[in-house]
Amino acid sequence: MNMNDILLDIKSPTKKNMILDTDAYNEVDDQYAIAYSMLSSEKINLMAICAAPFFNSRSSSAGDGMEQSYHEIFKIAKLTDPSYSTPIYRGSSEFLSSADTPVESEAADKIAELVLSSEETVYIAAVGAITNVASAIIKYPEIVDKAVVIWLGGHALHCPDTAEFNLRGDLLASQVVFDSGIPIIHIPCRGMCSELITTVPELEYYLSGKNELCDYLVTLTKSYNKELGRSEYGWSKVIWDVTAPAILTIPEAFETVVIPRPFITSEMKYSFDMARAPYIYVRRLQRNPIYAELFRTLSEKR
C-alpha cells in the first residue's frame, strides 16, 4: 500500500473504518479517545473496540490489566451512548513472547475478521501494548495488505531511546508489527505527542457540567492526579491517546513525513536503514485545534 495514497485517504472527507485497540484502565487518556471515537461518527466508522493488556501499579498482571480495560471500555461506551452497538472484545491475557506464535484472543481474531471482510482500508488505532495487533498479523498475515496501523508508541526519532510505556512492556510485539510490512502511521510519545497538554482548570472550563460523560472524564482526570500523589497546583496532563483517532478526524493538525521505518532494537533504540520499507511518521502536531475539536465533540453530546 502506497504511503502517499494513505496520506491522501486520511485527508479526504470520506468516513474511515477504524478499530480501536486500547488499554483503557491504564490511566485516563484512553477514556477520552474511546468517547471521542464513538462521537465522531460522521468521520469514523468505529468497527470495534478491543481491550489491550497492560501491567503497572493499576494491575496485578498483563491479563488483569486487559480485563480491567475490558470493563472500563463498557463503562465509557455506556456513558457515551446508552444504546451503543459497537462490539467490544477481550484481548490478550499476556504479552507476545514469540515472533512466530500469536497470543490467542478474541480481539486478534476479530481484528483480522473485520479487516479481511472490509472492502475499504481499515485503520487499526493501537494506543496500548500492541500484542493484539501483532498476534492478528502473525496468525493472518494477509491483513497487512488491507489495514493501516496507527501506532501511539515509542518516542520521537531524535530521542536517545524509545523506552516508552507501550513499547517497553511489549517490545517483541512492537518489533513484529514494524517488521511485518504493514503500513504504519507512527505517533511518537516523548518529543512529539507530549505537546498535547491540558490542565484541570481548562478541562473544568470546557467540559464540567456539560453532560454526565464530561463530568466523569474531568473527575477521573483529577482523581488520577491525586492517585499519583501530585498537587493540582501547576499540574498538567497529556491526553495522549486522542491523537490516534484525531489524525483521521482532523488530519490538518498533524505534520507528517514519509520515511524509511526504523528497526526497533532489543535495547529499545532505533536503528536506521534507508532501504527499509517506508512508513508515515508524525513529526509535529498542533495542540489547539485538536483540543478544540475534542472539547466541542464531548461537550455537545446530548
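Colleague: Happy to look at this with you! Which residues touch the most other members in the largest nonpolar core?

Modeller: This is a predicted model, so local features need pLDDT of at least 70. The largest nonpolar core holds 59 residues. Those touching the most other members are Tyr32, Tyr123, Ile150, Ile185, Phe254, Ile290 and Leu298.

Colleague: Let's turn to Thr198. Is Thr198 buried or exposed?

Modeller: Thr198 sits in strand β7, residues 197-198. Beyond four places in sequence, Thr198 touches Leu203, Ser236, Lys237, Ile239, Arg287, Tyr291 and Phe295. Its relative accessible area is 1%, and the cut-off is under 20%, so Thr198 counts as buried.

Colleague: And which side chain makes a polar contact with that of Thr198?

Modeller: The two side chains are joined at 2.5 Å, and the cut-off for such a pair is within 3.5 Å. The partner of Thr198 is Glu202.

Colleague: I'm curious about Met268 too. What is the phi of Met268 near?

Modeller: Met268 lies in the loop between β10 (263-264) and β11 (270-271). Most residues other than glycine have a negative phi. Met268 is not glycine, yet its phi is positive, near 60 degrees.

Colleague: Zooming out, what radius of gyration does the protein have?

Modeller: The protein contains eleven helices and twelve strands, and its C-alpha trace spans about 50 × 40 × 35 Å along the principal axes. For 302 residues, a compact globule would have a radius of gyration near 19 Å. The protein agrees with that, because its own value is 18 Å.

Colleague: Last one! Among contacts between residues at least 6 apart in sequence, what percentage join residues at least 24 apart?

Modeller: As background, 57% of the 302 residues count as buried. Among contacts between residues at least 6 apart, the share joining residues at least 24 apart is 77%.

Conventions: Residues numbered from 1 in each chain as written. Predicted model: local features only at pLDDT ≥ 70, side-chain atom pairs only at ≥ 80, totals over all residues. Heavy atoms only, no water. Helix = DSSP H or I, 4+ residues; strand = E, 2+ residues; numbered from the N terminus. Core = buried A, V, L, I, M, F, W, Y, C linked by side-chain atoms within 4.5 Å. Buried < 20%, exposed > 50% of the residue type's maximum accessible area, 1.4 Å probe, protein only. Polar contact = N/O pair within 3.5 Å; in protein donor to acceptor, adjacent residues only side chain to side chain. Contact = heavy atoms within 4.5 Å. Rg over C-alpha atoms; globule rule 2.2 N^0.38 Å.
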